[in-house]
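Please look over the sequence and the model below, and keep both at hand while reading. The paragraphs that follow go through aromatic rings, charged pairs and a surface patch in turn.

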Amino acid sequence: MSNKPTRAALYARVSTDDQKHDLQLDALRQVAAQRDWSVTEYLDKASGSGVKLTARDQMMKDVRKGKIEVVVVWRYDRFARSVKDLVEALDTFRTNGVQFVSLQDGADTTTLGGELLFHIMAGIAQFEKQLLSERVRAGLAAARKRGQVLGRPNVAVDVQRALRLHSEGRSWRTVAKVLNVDKTTLRRAIRAIEAETA
């Protein structure tokens, strides 16, 4: 069994410049010291949902790179900005084998009882995906009933002109430019004609 300390990420966030991270960090550091964890601290100062959380983004990158074994936060709302955000983050942790501790919320997946949190959140994430998928399918079905044409509009390609230009020695790229169509669209139209005449 390895005596190497667990690599812990301590994440703290305050909303304004005049606020300090001290309250959160003191509690996070105390837990890390009690458990003999090796720590890296990630600190953000941001409030609005549109503001980039630079430190948290870096922490999530380090999670995916396998540099972190446990993420410790003071409270859910200091870490995630919505339930959806929290669920997605916890799913990332679970996928990468990273534990999660939220001190004020009593969540600790390093314990046997705390492991239940991952299962609950994974279930919520799956439920959300199914709901979204059902909403999309229902929306598409309703649009079809109203007679709406779905998908990308078909682009008309003058295939005869394209073949003539190509036979004159022009590349397919040049032909596509002359006809003002995407090269992939042109290729698809040529293949369709070739299949019909084969």
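Which residues form one aromatic cluster? The cluster consists of Tyr 11, Tyr 76, Phe 79, Phe 93 and Phe 100. The model is a predicted one, in which local features need pLDDT of at least 70 and side-chain atom pairs count only at pLDDT 80 or more, while totals for chains, interfaces and linings use all residues. Residues are numbered from 1 along each chain as its sequence is written, and side-chain values use heavy atoms, with hydrogens and water left out.

A pair of aromatic rings is described by the distance of the centres and the angle of the planes. Rings of Phe, Tyr and Trp (for Trp, its six-membered ring) pair if their centres lie within 6.5 Å, and planes under 30 degrees apart count as stacked, over 60 as edge-to-face and the rest as tilted. By this rule the count comes to five aromatic pairs. In one of them, the ring centres of Phe 79 and Phe 93 are 6.0 Å apart and the planes stand at 35°, so this pair is tilted. The pair links distant parts of the chain, since Phe 79 belongs to helix H3 (residues 76–79) and Phe 93 to helix H4 (residues 83–95), 14 residues apart; helices (H or I, at least four residues) and strands (E, at least two) are DSSP runs, numbered from the N terminus. Both Phe 79 and Phe 93 are buried, where buried means under 20% relative accessible area, exposed over 50%, and partly exposed in between (1.4 Å probe, protein chains only).

Phe 93 also pairs with Phe 100, and here the centres are 5.8 Å apart with the planes at 25°, so the pair is stacked. Phe 100 counts as buried because its relative accessibility is 0%.

Turning to the charged pairs, the structure holds 10 salt bridges, each being a side-chain nitrogen of Lys or Arg within 4 Å of a carboxyl oxygen of Asp or Glu. Among them, Glu 69 and Arg 7 meet through their side chains at 3.2 Å, N to O. Glu 69 lies in the loop between helix H2 (54–64) and strand S3 (70–73), whereas Arg 7 is in strand S1 (residues 7–14), so the pair ties together parts that are 62 residues apart in sequence.

Another salt bridge joins Asp 108 and Arg 35, with the closest N and O atoms 2.8 Å apart. This pair, too, links distant parts of the chain: Asp 108 is in strand S5 (residues 107–108) and Arg 35 in the loop between helix H1 (22–34) and strand S2 (38–45), 73 residues apart. Is Asp 108 buried or exposed? Asp 108 counts as buried because its relative accessibility is 11%, while Arg 35, at 36%, counts as partly exposed. Arg 75, Asp 77 and Arg 78, in turn, are linked in a network of salt bridges.

At the surface, Leu 116, Ile 120 and Ile 124 form a nonpolar patch with about 260 Å² of accessible area together, and Leu 116 has its place in helix H5 (residues 115–145). Patches are made of residues with over 30% relative accessible area and no salt bridge, like charges being joined within 9 Å and nonpolar side chains (Val, Leu, Ile, Met, Phe, Trp, Tyr) within 5 Å. Accessible areas come from the Shrake-Rupley method with a 1.4 Å probe, and for residues only the protein chains shown count as cover.
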